[in-house]
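Please keep the sequence and the coordinates in view while reading.

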Amino acid sequence: MPDPTTPPLGGPALDDLGIRLHDGVGTLRVWSRNAASMQLVIFDADDLDWETAQVPLERRPGGVWEVTTDLLQPGTRYALRVDGPHGPGHVFNPETLLLDPYARGLAQGEGYEEWRSVVIEDGFDWGGIAKPRIPLDRTVIYEGHIKGLTKRHPGVTPALHGTYAGLAHPAMIEYFHSIGVTSIELLPVHAFVTEPRLLDRGLTNYWGYNTLNFFTPHTAYASEAARKGGPEAVLAEFKGMVRLLHEAGLEVILDVVYNHTSEEGRGGPASSLRGIDNASYYRQQPDGTYIDTTGVGNTLNTATDAAARLVLDSLRYWANDMQIDGFRFDLATALGRDANHEYDREHPLLTAIREDPALQDVKIIAEPWDVGLGGWQTGNFPAGWSEWNDRYRDRVRNFWLSDIDYARRASTPVGIGGFANRLAGSAKTYSDDRGPLASINFVTAHDGFTLHDLVSYDFKHNEANGENNHDGADMNRSFNHGAEGPTDDPAVLTVRRKAMRNLMGTLLLSAGIPMITAGDEFGRTQRGNNNAYCQDSTLTWLNWDHEPWQKDLTSHVALLTRLRAENPALRPSRFARLGEHVPEASVMDWFDQDGGTMEVEQWTDAAHRTLQYVAASVPENGETNRILLIVHGTEAPIDVRLPESIEGATAFVQLWSSADETPSDEQRRYAPGDVLPVQGTSMRLFRVE
């Protein structure tokens, strides 16, 4: 358990940074180790170019600058001017207006860089609504974009399309419940800006991985009424969204970008940290050259206590003041790099995130890589962290897509062993003390092909991004099944639909925490664009007008999430150990197509791609639950004999089949030893009685 007496990063000198309102005045505290002077600049409420007052800050111990003044009142627009030494690593300019890194509100003027901090007084009433606190084993994540989810939804009030309030509309809540997801993971909602290079091409940063400020919700996602009401109204709409989703039993997880900021590389805009203390906040060589492990120009230097504390304080604010349930850390390896810029799984920031008492009820999810040396760290984050499991993604795609593509041209390249390891919780990647819930299982995500496009395109088609199709991943492990993109060939369309059901079935029946990408449950397409980060258009906004086959796919997903919830054997919290009683684990047995126990050589035999997987839950209390899953990974049909050696098993009740275009309500019963015809490339799930 974390020690509540352990001082936070940087100690008490870094407490209460930003603005604290008290006794009719406001105290502003800003950290800069290298600054020589700092000035608070106050602006007119309506004209953000009109300076009405300037007040100097005084240096305090620990590199903190401070001022207390009655000019800081709720709604005050303000900025900073900072001066300091010149030379390698320093870019101080006393004429540049800078944002307070801890600002809770922002206001934008006319220009691209014309931003001002705003003093916020929080008076939101949560109405006694508590966080849902959904256990990890019952979590089903739904990753989506705040605008894209509702921009075209016919059931959402038009004035709320693409907004925070729209996400919590009753039509959306009803939909989330209908498909069985528990936790809505939102692409970045921290205030962000579009890069000048995109503006020059007439594009925008749609995804939002270009953070301007770590404490303020993105204003453009608020309704017009809230935007007109100002930063406090925007904040209230965001909190109202969270409250309504919580009231409905749904969690809110944020995709957070702390690894870099919108200040880009050297020569980029100086909007905040660069002008306050560039040498301390960003990783760089002694000559001031940036060390970029994020691929966007700069990397936050979390080896500096103040930078690490900035991240931690932001997380505390969103987890408590904003009642957020969890965080997915973009390029999380960058946050765990030490003073030598090497990844350390015991990095003070990673430890603090895991152990901080203010963060004990939140889900912590790493994207366990960055683009720097030694950046790929899947499986190497500390206990208490879950991770996006790219090994799971790649193996599942290979099994159902790349391997089938290769088999059509030559022969099946590999056996079923690697796939089985991922299905059972990725024990080869995650240690016993972390267990299967360390794995966030996913087949697709916001970056890359959608599920539909994964089974419809061999190649990316990113021409609309204006980068000559050079952007986006070239290796997608996709398979178009015989035609590139749109086709009227019924045979191709039939096999594509089954491939989508196989991929979604694998995702929702695997041990670990599943993540569905919004729209995959009804087969949305981005027309082959696998890097739609700059496409704020109907290409990326979910289309809610569905064809019959799309409705069928949605029904499959709803059934699979329900079966996952009803069968604890599908969602173990721990790995089983041979010969031991491990509560909350699932004991697993493996049989071949003839009903015999899998032999060692069968796991790697490329000619053997059929298995029967039996999982039995080990509850601390209550009855054991058992399931059997048949997986068949070649296009030729096969006969499968149900196992006769499962102790106490008298019947197998079919619950789901990927071979069905429409989910069947018929729960057919089979006896041990019965022989079942199984379609090529398909799955069947049974309850064992």
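The count comes to 10 cavities of 30 Å³ or more. A cavity is a set of points, on a 1 Å grid over the protein atoms alone, where a 1.4 Å probe fits but cannot get out; grid points are joined across faces, edges and corners, and a volume is the space filled by probe spheres set on the points. This is a predicted model, in which local features need pLDDT of at least 70 and side-chain atom pairs count only at pLDDT 80 or more, while totals for chains, interfaces and linings use all residues. Residues are numbered from 1 along each chain as its sequence is written, and side-chain values use heavy atoms, with hydrogens and water left out.

The largest cavity has a volume of about 150 Å³. Its lining consists of 15 residues, those closest to the centre being His145, Leu187, His446, Arg524 and Thr540; a lining residue has an atom within 4 Å of a point. Strand 12 (141-144) and helix 1 (146-150) each give two or more residues to this lining, where helices (H or I, at least four residues) and strands (E, at least two) are DSSP runs numbered from the N terminus.

A pocket is an open set of points with protein on both sides within 12 Å along at least five of seven lines.

Attention now turns to the secondary structure. Strand 24 runs antiparallel to strand 27 (residues 682-688), with five bridges between them; strands pair if DSSP finds at least two bridges. Within this pairing, Trp656 has Leu685 as its bridge partner. Two bridges join strand 24 to strand 25 (residues 669-670), also antiparallel, and here Phe652 is partnered by Tyr670.

Strands 24 and 27 are among the elements against which the buried residues of helix 14 pack, by contacts of heavy atoms within 4.5 Å. Those buried residues include Leu553, Val557, Leu560 and Arg564. The 19 residues of helix 14 (residues 548-566) should span 27 Å, and the end C-alpha atoms are 27 Å apart, which agrees; the expected span is 1.5 Å times one less than the number of residues.

Technical notes: Buried < 20%, exposed > 50% of the residue type's maximum accessible area, 1.4 Å probe, protein only.
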